[in-house]
Amino acid sequence: MDEDRLTCESDKTVVCLRGITKRFPGVLANDHVDFQLQSGEIHALLGENGAGKSTLVKILYGFYHADAGEILVHGRPVHIRSPRDARALGLGMVFQGFTLIPAMTVAENVALFQAELPRFFSPRELEQSIRAASDQYGLALDPKAPVWQLSIGEQQRVELLKLLLAGARILIFDEPTKVLVPHEVEALFRVFESLRAQGFSIIFITHKLREALSCADRITVMRQGRVVGTLLARAATEESLLHMMFGEKLPEITRSPGSRAPGEVVLELRDVCTRPVGTAPALDHVNLKVRAGEIVGIAGVSGNGQRELGDVVLGLLRIVRGKKFFLGQDATSWSPRQLVRRGIAFVPEDPLSMAVVPGFSTLENFALMDLQAFSKFLGTVMNWGKVRTFFREGFTKLGLSPLPEPVRASTLSGGNLQRLTLVRELSRPYHLVVGLYPTRGLDVRSANAVRQAFLVAREQGKGVLLISEDLQELFSLCDRVLVIFRGRIVGEFRPEEADLTEVGRLMTGAGVLHGS
Amino acid sequence: MVLKSTSNRWVWILFRLSLTVVLILGVFGLFLWALGKNPLKAFQDTLRLNLLNPRGLSEVVVRMSPLLLTALGVAVPFRAGLINVGAEGQFLMGALLGTWAAFNIAGLPPALHLVLVLLAGMVGGGLWGAVPGALRALGWVNETITTLLLNYLAPLIVGYFVFGPWRAPELAMYPQTPELPVVPYFPVLPGTRLHLGFFLGLFFLGLYAYMTGRSRWGLELRAVGGNPEAARRLGMPVERWLLAAMVLGGALAGLAGVAEVVAIHGRLKMAVSPGYGFMGFLVNWLAFANPLGILIMSFLLAIIASSGFTLQITQRLPYAAVNVLMALILFVVLAKPFRQGVRR
């Protein structure tokens, strides 16, 4: 990759990041990252979620401040303290969430973004300039259309138009294709090409290989906060990129082969479909079985229906087609209450928002596990002594030291919160535990406590459904791993015989990018 | 961080409350001074006539009775994460349905009749709370807006009855009903206007403190308010709780309304509430749903309501001057969540 060793001072380099380091509490998001953007190129920033791509571009755009490292724009060192500074340097960023005002027209939204909007301006001139720009870059936008009428793809192009009319020459797109349907993706890539032809430089973030290969000139791959390498797109292959994204070797398996064969089916989804909510994908004919004494993993890039899958299992999301069975009974229309009572435990990614009440003490939060059992006289009296006993026992059973009882949940660390959730959920009688990214954002020890608890659950003959992005985790714990992409199960593997390249290919939508 | 020990927390709450009071009285003092009055003298008179005088004190407590109940009517939904601005409307609908029960139920022993009248008041307020509760539980409309709007509707309905079908024939010039038949049986402390409503208020305050603090129901209610997402995932019937909290809140405000009609006015008329529902909202937001805070703050707001009359007599100020005081309190109340947000 010698040809990519451009110096930061080269005329062709418009943006150069050198040694960018950014630490968030508990995570090293960017670890001495070097990155160069050349004039007139489309540069894909490729990597898994949490690889540090978003952090990097947000540092460039002045949202975050790097702990170390320097930024050069057109060869000159710059200090970008805010997005305003970035815009003054000709940078523009299209975010994942749009910043448009739905009730206003395209023209009005664009006008609001202009740095020097005169106190009185001519709507006609503005409309003309929008129309001209729209034609020039192939955006196909009507300045008079109210934004709420536009499709997501069109709204994205309004964001782009705002930047273009404000004079941006270096454009950054944060996962632009995440919210788009396939034909909109193609349209966006055509816009990229027309912008490149007119001398704009583009950075776009993606975790989909095919997209990077189909439209970028160069591809920089990040993994765990570091740049693994930068390749010319025409020199890159899917294999080489996958290896860069996920590492070379299959994670070693630490799971015991299991003392008994998987038992009867605890959970079954048969041809389950849901309705899409917002921009999230709907489940599309999902078939799934979890047996007693078995850990079934769901692999996928987040936002491909994992959360919906978890919600369907917990009865929070309505099934519009297909059936769900729990312990052999038709549970398709059971309420969350019924499912929880029949024995589903749930360990989510962010306990503070999904599992615990922040203002409650640890003990009160624990009591929520089964308020009926912990109260007397029609619920008028709580039996805190009993709660306390179960609380301590629960921690001891999982080999953890009990948390102090009067501590408010909102003040606990992420790891301790997850321990509390884990102990509460696994202390009541259950048959199935659903983990929704249960180890995301946790330190290694806490993450291992969660994994250990899941393995113990399996030993005890419970069913485990583990939704995760961490392939290492999935392949070290699971008996079977299913791959989900855009709400569909696109593959199934046993860890012993899995081909990581193939798993990565399916996760990133190879073969189904434009299909379906 | 470990929670502050219980005694410390009480000290902190009391400190906060007294600071609020001092601040408000200070600004109101400036206002009186700007009007050319002597604020110290005004405060002195208010103190002397309302607190240091048994008759004055009993009048303060009379005003405190509906406040306790309307404040609880705001506090119960508050615990479920709901903002009930509609205690005023629920108060009036309680008064209305209670009046209906007083006139239309006959042939029962007076004590039983009285109980039914009070229950009817609770039903009236509860139904008026159920509408926003149901709309919110269905996820259709935010309860703050509906409760607020229903406040405008309730007086119109009461107005229809007191100007129309229920109007007392013997006093045709006043839009009001005849005296309610249960009035003579309503327990009142002899020599004062202090009535059963006050003791009902205290009873429900105690019940509220116990139920929210100690019972399973309270824990569930607060869990729904504290993190609805988690509550739903724990299998709690979140929607049912939202509805129940609004119905309970409305019922308490409705009880305040019917008690006020029976004990103070004896008949239903437009002016049964000088804004007790709104003042109850203030009480709850000053107290942040804390039971002791509700007790103290309803007492303080009752003093303010009474002092309106005192100022009228001693300082020749219009009664509306206390509205300035109320507005000041409102500012403090509105500033409060923001301050809390900053502290975290």
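This is a short talk through the predicted two-chain model shown above, from chain B to the contact with chain A and then chain A itself.

Okay, some housekeeping. Residues are numbered from 1 along each chain as its sequence is written, and chains are lettered from A and ligands numbered from 1 in the order in which they are written. Since the model is predicted, local features need pLDDT of at least 70 and side-chain atom pairs count only at pLDDT 80 or more, while totals for chains, interfaces and linings use all residues.

Let's start with chain B. Its secondary structure comes to 13 helices and zero strands; here helices are DSSP runs of H or I with at least four residues, strands are E runs of at least two, and both are numbered from the N terminus. The radius of gyration of chain B is 20 Å, close to the 20 Å from the globule rule for 344 residues, so chain B is as compact as a globular protein of that length. That radius is taken over C-alpha atoms, and the rule is 2.2 Å times the number of residues to the power 0.38. If you like boxes, the C-alpha atoms of chain B fill one of roughly 65 × 55 × 35 Å along the principal axes.

How much of chain B is buried? Of its 344 residues, 48% are. For burial, count the other C-beta atoms within 10 Å of a residue's own, with C-beta placed from the backbone: 20 or more is buried, 12 or fewer is exposed, and in between is partly exposed. As for contacts, two residues touch if their C-beta atoms, placed from the backbone, lie within 7 Å. Take the contacts in chain B between residues at least 6 apart in sequence: 76% of them join residues at least 24 apart.

With 36 C-beta neighbours inside 10 Å, B:Gly254 counts as buried. Leaving aside neighbours within four places in sequence, its contacts include B:Phe91, B:Met122, B:Gly125 and B:Trp128. By contrast, B:Val60 is 194 residues away along the chain, and the two C-alpha atoms are separated by 21 Å.

On to the core. The largest nonpolar core has 252 residues, and A:Leu60 and B:Leu72 have the most contacts inside it. A core here means buried Ala, Val, Leu, Ile, Met, Phe, Trp, Tyr and Cys residues joined through C-beta atoms within 7 Å. Helix H10 of chain B, residues 238-265, gives the most to this core, with 19 residues. Over in chain A, A:Leu60 is in contact with A:Val15, A:Leu17, A:Ile71, A:Ile80, A:Leu91 and A:Ile172, leaving aside its neighbours within four places in sequence.

So where do the chains meet? The contact takes 19 residues from chain B and 28 from chain A. On the chain B side, helix H8 (216-226) and helix H9 (228-233) each supply at least two residues, and H8(B) has the largest share, six residues. By class, that side has nine nonpolar, four polar and six charged residues. In that scheme Ala, Val, Leu, Ile, Met, Phe, Trp, Tyr, Cys and Pro are nonpolar, Asp, Glu, Lys and Arg are charged, and the others, Gly among them, are polar. H8(B) is mostly covered, too: 10 of its 11 residues are buried, among them B:Arg216, B:Glu220 and B:Arg222.

Chain A next. It's divided into domain 1 (2-246), domain 2 (250-343 + 430-516) and domain 3 (356-428), with bounds from an automatic or database domain assignment. The C-alpha centres of domains 1 and 3 lie 46 Å apart.

Chain A also has an open, antiparallel sheet of four strands in the order S12-S11-S14-S15. S12 (286-291) and S15 (329-330) stand at the edges with a single partner each, so one side of each has no neighbour in the sheet. Pairing takes at least two DSSP bridges; S11(A), residues 265-273, has five to S12(A). Within that pair, A:Val272 stands opposite A:Val286.

Most residues other than glycine have a negative phi. A:His32, though, has a positive phi of about 50°; it sits in strand S2 of chain A and is partly exposed, with 14 other C-beta atoms within 10 Å. A:Tyr437 has a positive phi of about 45°. This one lies in the loop between strand S19 and helix H15 of chain A, and is buried, with 22 other C-beta atoms within 10 Å.
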